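Here are my notes on this model, as numbered points. Please read them with the coordinates open.

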Amino acid sequence: MRRLGELLAPVALVLGAALLGAVVSASTQTYFVDTLVKVTIVVALYLFIGNSGVLSFGHVSFVAIGAWTAGVLSVPAQEKPAIMPNLAHFLRTTTVGNVPSLALAALAGLVLALLVGLPLMRLSGLAAGIATFGVLEIADNMLRYYEKIGPGLNAFSSVPETTGVWQAAIGALLAIGLAFAYQRSRFGRMLRATREDPAAASAAGISVYRQRLLAFALSGGVAGFAGGLYVHLLPLNIDSLYLDLTFITLAMLVVGGSGSLLGAVVGALAVSGLDSFLAAAENGVDVLGLHLDLPAGTSLIVVGVVMAAVLVLRPSGLTGGRELRLPGRRPAPPSAAEAA
Amino acid sequence: MTVAILNVSWQTLADALALGGVYALMAVGIGLVFGVLRLVNFAYGQLIMAGAYALAFASQWGWPGWAGILLCFAVVLALSVAMDRLVFRPLRTQSPAVMLVATFAVAFLLQSIALLAFGPLGKIASSLAPLNRPWTISGVDIRKIAIVAIVVAAACLLLLQLLLTRTAVGLQMRAAAMDFGTARLLGVRANRVIGGAVLVSGVLAAVVAVMLTVQNPLVTPDFALRDTIVVLAGVVLGGLNRPVPATLGGFAIGFASGILGGALPTNQSQYLPTFLFAAVILVLLVRPNGLFTRGGGAVERV
């Protein structure tokens, strides 16, 4: 039961953020909901990057696919011709509710991640990380121009805005629960063994390829789910699901510490808080009696500096890649499975 | 489709060769630093972007072409040395994944700074525009820059080959790329080798900046960002761990990109990135260790 701290600390943080978000004014609330969706995306990133030690620049493409799936399927039928005039017949005539659209978004992310993972996970770690850029480019290119499957360059207006504080919080909690269950499972342990020493893990009979593929597909599913949540929050367009989002979510993971679930959540909350504050300050804000009015674009600079500084000064992130352990009787010797 | 592929004009072929040459230079620039530092520099594109802004400002101030090129070299070299001191050096002992994320952050930082300082609309670098006009060779129009780029890329690769095989510092760089620890034990000075690699890679970035700016005179904050992503894919396609295959990979993806761009029918040309990256992924499915590497490719174990 001591290990429950691993789950409880991230859950408590998310609940805290949701409660805070529920009591603030409606305009501030958007920032909290946005933050909770980002938590879900970063947990998806963590599920793969944290456990495997392999970078992925491609996860935002799974977020985008999820957003497209949920968005296209939940725009009311009579409004589809206005924003998506060239939609394929099946998509034009099919409309589903909130929960099924989220489930289908997760499924779409999972299937896509599995398909692209089949070739990419065979690469060595660093090469795999770079090659995931290819996935991002393909997804961006197809969604941008292929108007049979979505709005192309238009924004997803008239998607029912069902992602409020509670839907976002439940989504983030589901993602955290899945990530926790995965990292405690034998598959999660095997993948972390390959992260520490691929050669030794292979020698112990672990297929590096299969374990990475499994985690990649799972985290693609979570990312797709997060995309579904996202499109039910804001009228997204393809530009909001490309390099900027890739950068900011990776920054969150790295700042928090990519080695732990707690790190993913802490990083997402901390960087989101900073980013939201700076975004507000770009429009002018009063802090402690001072009027702050920053030029547009400052927030990416500050986040970039913070990320670089954390990497240089504390490469394992704010949490040091550790989970919170509740105090218990035994002084936690590393178990045999973890040492392997 | 077949007809379209066969129907490649001389202009397209020259452009594709030129793009291949430029991408090969970028691949070498990234590969040299990777060789000694195990660091994939995602911010390489932003070095090129800085050089392009230098050219744009020089032409805005009415400087002659050669002065703009000098300024471009100065800016790019200064920035690449600064990048090495401030970011690469403190991170030298970290894993390649951490270093890649760090350079990703630097890339975004530089891009945001450019956005803030110079605005999103971009600047025009016009002083080298005459190079973009066509030369007529036996009835075929070929842009001068295509020829210049092919010649310059070939010359740079040749000089680099001489540097790596005929000079002491080149030998040290190759030794460091093979096994940095042992090379240091044998008296190779780490900072000298890394400094050398960073400088040469900076020179190549400046050369690439000039070439790309002539072809595309509108300099925006995301200048060369797409190119960097394509070149990185090319480097992985060729084989990340070996310099020559990596360079060939850079050339191959540039050439393929140029040919595809010319051969695709107009209504499909917007899907060029999809075709290109799908091809990369398919090739990697068959040859995970790279297109131009022989044998299994050693697993890194350190």
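1. A term first. A polar contact is a pair of N or O atoms within 3.5 Å; within protein, one must be able to donate a hydrogen and the other to accept it, and residues adjacent in sequence count only if both atoms are side-chain atoms. By that test, the side chain of A:Arg192 makes a polar contact with the side chain of A:Asn51, at 3.3 Å.

2. Ground rules. This is a predicted model, in which local features need pLDDT of at least 70 and side-chain atom pairs count only at pLDDT 80 or more, while totals for chains, interfaces and linings use all residues. Residues are numbered from 1 along each chain as its sequence is written, chains are lettered from A and ligands numbered from 1 in the order in which they are written, and side-chain values use heavy atoms, with hydrogens and water left out.

3. Arg192 in chain A. A:Arg192 sits in helix H9 of chain A, residues 186–196. Helices (H or I, at least four residues) and strands (E, at least two) are DSSP runs, numbered from the N terminus. A:Arg192 is buried, at a relative accessible area of 15%. Buried means under 20% relative accessible area, exposed over 50%, and partly exposed in between (1.4 Å probe, protein chains only).

4. Arg192 in chain B. B:Arg192 belongs to helix H9 of chain B, residues 190–215. Its relative accessibility is 43%, so B:Arg192 counts as partly exposed. Beyond its neighbours within four places in sequence, B:Arg192 is in contact with B:Val169 and B:Gln172. Contact here means heavy atoms within 4.5 Å. B:Gln172 is 20 residues from B:Arg192 along the chain, and their C-alpha atoms are separated by 9.3 Å.

5. H2 against H6 in chain B. Two packed helices are described by the angle between their axes and the distance between the axes. Axes are lines fitted to C-alpha atoms, for helices over the stretch in contact, and angles run from 0 to 180 degrees between N-to-C directions. Helix H2 (residues 10–37) and helix H6 (residues 144–166) of chain B pack at about 30°, with axes 8 Å apart. H2(B) is therefore roughly parallel to H6(B). The cut-offs: under 35 degrees is roughly parallel, over 145 roughly antiparallel, 65 to 115 roughly perpendicular, and the rest oblique.

6. The H2–H6 contact. H2(B) passes H6(B) in a left-handed crossing. A crossing is left-handed if the near helix is turned anticlockwise from the far one by less than a right angle, and right-handed if clockwise. The residues that meet include B:Ala14, B:Asp15 and B:Gly21 from H2(B), and B:Ala146, B:Cys156 and B:Leu164 from H6(B). By class, this contact of H2(B) with H6(B) has 15 nonpolar, 1 polar and 1 charged residues. Ala, Val, Leu, Ile, Met, Phe, Trp, Tyr, Cys and Pro count as nonpolar, Asp, Glu, Lys and Arg as charged, and the others, Gly among them, as polar.

7. H2 against H9 in chain B. These helices pack at about 165°, with axes 9 Å apart. H2(B) and H9(B) are therefore roughly antiparallel to each other. H2(B) passes H9(B) in a left-handed crossing. Among the residues that meet are B:Met26, B:Gly29 and B:Val36 in H2(B), and B:Val193, B:Ser201 and B:Met211 in H9(B). By class, the contact of H2(B) with H9(B) has 18 nonpolar, 2 polar and no charged residues.

8. Across the chains. Helix H7 of chain A (residues 125–145) packs with helix H5 of chain B (residues 96–118) at about 30°, axes 10 Å apart. H7(A) and H5(B) are therefore roughly parallel. Their crossing is right-handed. A:Leu126, A:Ile130 and A:Phe133 in H7(A) meet B:Pro96, B:Ala97, B:Leu100 and B:Phe104 in H5(B). By class, the contact of H7(A) with H5(B) has 7 nonpolar, no polar and no charged residues.

9. Backbone checks. Most residues other than glycine have a negative phi. B:Arg38 has a positive phi of about 55°. B:Arg38 lies in the loop between H2 and helix H3 (44–60) of chain B, and is partly exposed at 22%. B:Ala224 has a positive phi near 70°. B:Ala224 lies in the loop between strand S4 (218–219) and helix H10 (225–238) of chain B, and is buried at 5%.

10. Tyr271 in chain B. Which residues is B:Tyr271 in contact with, leaving aside its neighbours within four places in sequence? They are A:Asn141, A:Met142, A:Tyr145 and A:Tyr146. B:Tyr271 is in the loop between helix H11 (243–263) and helix H12 (272–286) of chain B. B:Tyr271 is buried, with a relative accessible area of 14%.
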